[in-house]
Amino acid sequence: VLRKASDFWQARRRGRIMPPESEMTQLPGAIAAHVFTGRSMTNGSRRWIVTKAGRKAAAILQIKDAARLEIGNRRIAVRLRKLFDMVADKSEPVSAMFELGGRSKERRLVEIFVAPVTGSESNTYAVFGTVNSRVEARG
């Protein structure tokens, strides 16, 4: 899923540093449920918000309020904020993986691809992201 999202982002770039946000709406079916977008105003302090989330992305990111798109897990929110900041600072895509804690015999791994897009307003940062997860036995 992450590779397909990266390929989609690259195709929309067309040689530019980043594609416009408006060109990221016609999503391929294979990634649509995994996609999320984020936005931040550039008013001195970046406060990121998730602006859209597909069904699987919302479940993995533990979005607790569908109307406000708030992330219910503080650890996930902090990780996303750091990734979003890194992407905004470098204007380059980033892929990452982290483990969601738990004391069971299994571990849940979350994989994320986040890429910059040109926001619709000049005073905003915008990102396009895809998330997937898998469960593995602890070794």
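**Close-up A. Glu111 is in contact with Leu2, Ala96, Met97, Thr130, Val131, Asn132 and Arg134, leaving aside its neighbours within four places in sequence.** Here, contact means heavy atoms within 4.5 Å. The model shown is predicted, so local features need pLDDT of at least 70 and side-chain atom pairs count only at pLDDT 80 or more, while totals for chains, interfaces and linings use all residues. Residues are numbered from 1 along each chain as its sequence is written, and side-chain values use heavy atoms, with hydrogens and water left out. Find Glu111 in strand S6. Strands (E, at least two residues) and helices (H or I, at least four) are DSSP runs, numbered from the N terminus. Glu111 counts as partly exposed because its relative accessibility is 21%; buried means under 20% relative accessible area, exposed over 50%, and partly exposed in between (1.4 Å probe, protein chains only). Leu2 is 109 residues away from Glu111 in sequence, yet their C-alpha atoms are 7.8 Å apart in space. The side chains of Glu111 and Arg134 are joined by a polar contact of 2.4 Å. Such a contact is a pair of N or O atoms within 3.5 Å; within protein, one must be able to donate a hydrogen and the other to accept it, and residues adjacent in sequence count only if both atoms are side-chain atoms.

**Close-up B. The whole fold has 4 helices and 7 strands.** Step back for a moment and follow the chain from the N terminus: the elements run α-α-β-β-α-β-β-α-β-β-β. How many of the 139 residues count as buried? The share is 38%. Among contacts between residues at least 6 apart in sequence, 51% join residues at least 24 apart.

**Close-up C. Phe36, Leu80, Ile112 and Val131 touch the most other members of the largest nonpolar core, which has 22 residues.** A nonpolar core is a set of buried Ala, Val, Leu, Ile, Met, Phe, Trp, Tyr and Cys residues joined through side-chain atoms within 4.5 Å. Helix H3 (55-60), helix H4 (74-90), strand S5 (94-100), strand S6 (106-117) and S7 each supply at least two residues of this core. Which element gives the largest share? That is H4, with 6 residues. Zoom in on Ile112: not counting residues up to four places away in sequence, Ile112 touches Leu2, Phe36, Leu80, Leu83, Val94, Ser95, Ala96, Phe98, Thr130 and Val131.

Close-up D. Rolling a probe the size of a water molecule over the atoms shows where empty space is left. On a 1 Å grid over the protein atoms alone, a pocket is an open set of points where a 1.4 Å probe fits, with protein on both sides within 12 Å along at least five of seven lines, and lining residues have an atom within 4 Å of a point. Of the 16 residues that line the second largest pocket, Met24, Thr25, Val35, Thr37 and Lys52 are the closest to its centre. Strand S1 (35-41), strand S2 (49-53) and strand S7 (124-137) are the elements that give two or more residues to this lining, and S1 gives the most, with 4 residues.

**Close-up E. Asn73 sits in the loop between strand S4 (70-71) and H4.** Is Asn73 buried or exposed? Asn73 counts as buried because its relative accessibility is 19%. A polar atom of the Asn73 side chain lies 3.1 Å from the backbone nitrogen of Ile76. Not counting residues up to four places away in sequence, Asn73 touches Gln62 and Leu100. Gln62 itself lies in the loop between H3 and strand S3 (63-65), and has a positive phi of about 55° although it is not a glycine. Most residues other than glycine have a negative phi.

**Close-up F. Val135 is found in strand S7.** Val135 counts as exposed because its relative accessibility is 52%. Not counting residues up to four places away in sequence, Val135 touches Glu106, Arg107 and Arg108.
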